[in-house]
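Here are my notes on the structure, as numbered points. Please read them with the structure open beside you.

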Amino acid sequence: MKTVLSIAGSDCSGGAGIQADLKTMTMNGVYAMTAITALTAQNTTGVQAVMEVTPTFLEQQIDSIFTDIAPDAVKIGMISSPELVDVIAKKLREYEAHNIVLDPVMVATSGSALSTSSTIEEMKNQLFALATVITPNIPEAQVLWGKNIDTANQMEEAAADIAKRYGCSVLVKGGHRVNDANDYLFDVDADKGTWFVGQRINNTNTHGTGCTLSSAIASNLAKGYDLDESIERAKNYLSDALAAMLDLGKGSGPMQHNFNLNGTYKEVKE
């Protein structure tokens, strides 16, 4: 069985972060491991609190993984401080990690900020060049590009500019801001762009979709698929999860309208 390490924050509600990654990787047929960057108190409505781990402890977690069960791929999610970015970059270089999928998490689906500007700058300087692909959504891509993205052509321009600036492939996720469910990849190695057309699913329960997609991409890279095929398979997996329309809501709470995506499973068959 192939192995994948998730370096990310914990989501106590189970829909995003480490919990989403574990579920997604398991359902995509790989052995999932974690190095936790922060504990969060959050749910589908927002992030209530964040408790960051120390750089030393994060380093110890990553050492524990690589010195025993070397991962075939690495997914990176929420990083809450520049010091943690430095540790991750140092360790990925030290262990010559490969198949790295970086989801530059800046803002939660609920709108809560998850990264500071100094952390984002450190990610650009230290982690982007190590990544096989980064997976920003439209707001994140706008921050990285420095311009607004309102059209499909601008998605293409942003992906190409970011990729060439930082030396990594870039998958800009469209979503309802620009299109229904189409994502655009600029492959920096092949120097070409590819559109991935997705099916629009009328489901407002989107907590954790970014974590799920990046984890599924990493899982498929670990299994030996190339980047294009890994993205295609990941999008299909995410569409199946959304199409299941699971509602965990009981009574009158917010879960009546928002559920944690990865309560829904559809086993991926080879």
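1. Helix 1 and helix 8 cross in a right-handed sense. In this predicted model, their axes come within 9 Å and cross at roughly 40 degrees. On the helix 1 side, the contact is made by Gly17, Ala20, Asp21, Thr24 and Met25. On the helix 8 side, the residues are Cys211, Thr212, Ser215, Ala216 and Ser219.

2. Which residues of helix 1 are buried? They are Gly17, Ile18, Ala20, Asp21, Thr24, Met25 and Met27. Several residues in a helix can face one side: an α-helix has 3.6 residues a turn, so residues three or four places apart point the same way. Just after helix 1, glycine 29 takes a positive phi of about 80 degrees.

3. Threonine 212 sits in helix 8, which covers residues 209–222. Is threonine 212 buried or exposed? Its relative accessible area is 1%, and because buried means under 20%, threonine 212 counts as buried. The C-alpha atom of threonine 212 is separated by 9.3 Å from that of leucine 22, although the two residues are 190 residues apart along the chain.

4. Asparagine 220 also belongs to helix 8. With a relative accessibility of 0%, asparagine 220 is counted as buried. A polar atom of the asparagine 220 side chain lies 2.9 Å from the backbone oxygen of alanine 216. Which residues does asparagine 220 touch, once neighbours within four places in sequence are left aside? The contacts are Asn28, Tyr225, Ser230, Arg233 and Ala234.

5. Strands of a sheet pair through backbone hydrogen bonds, either parallel or antiparallel. In which sense do strand 7 and strand 8 pair? Strand 7 (residues 169–173) and strand 8 (residues 183–187) are antiparallel, and 4 bridges join them. Within this pair, lysine 173 stands opposite aspartate 183 of strand 8.

6. Aspartate 183 deserves a point of its own. Aspartate 183 lies in strand 8 and counts as buried, at 5% relative accessibility. What does the side chain of aspartate 183 make a polar contact with? The partner is the side chain of lysine 235, at 3.0 Å.

7. Helix 3 (residues 82–94) and helix 4 (residues 117–126) pack at an angle of about 15 degrees, with their axes 8 Å apart. Angles under 35 degrees count as roughly parallel, and helix 3 and helix 4 are therefore roughly parallel to each other. Helix 3 passes helix 4 in a right-handed crossing. Helix 3 contributes Pro82, Val85, Asp86, Ala89 and Arg93 to the contact, and helix 4 contributes Ser118, Thr119, Glu122, Met123 and Gln126.

8. Most residues other than glycine have a negative phi. Asparagine 99, however, has a positive phi near 55 degrees; asparagine 99 is in the loop between helix 3 and strand 5 (100–102). Aspartate 191 has a positive phi near 55 degrees as well, and is found in the loop between strand 8 and strand 9.

9. Last, the chain as a whole. The protein chain has 9 helices and 9 strands. Of its 270 residues, 54% count as buried. Among contacts between residues at least 6 apart in sequence, 69% join residues at least 24 apart.

Methods
Residues numbered from 1 in each chain as written. Predicted model: local features only at pLDDT ≥ 70, side-chain atom pairs only at ≥ 80, totals over all residues. Heavy atoms only, no water. Pairing = 2+ DSSP bridges. Helix = DSSP H or I, 4+ residues; strand = E, 2+ residues; numbered from the N terminus. Buried < 20%, exposed > 50% of the residue type's maximum accessible area, 1.4 Å probe, protein only. Polar contact = N/O pair within 3.5 Å; in protein donor to acceptor, adjacent residues only side chain to side chain. Axes fitted to C-alpha atoms, helices over the stretch in contact; angles between N-to-C directions. Parallel < 35°, antiparallel > 145°, perpendicular 65-115°, else oblique. Left-handed = near helix turned anticlockwise from the far one by under 90°. Contact = heavy atoms within 4.5 Å.
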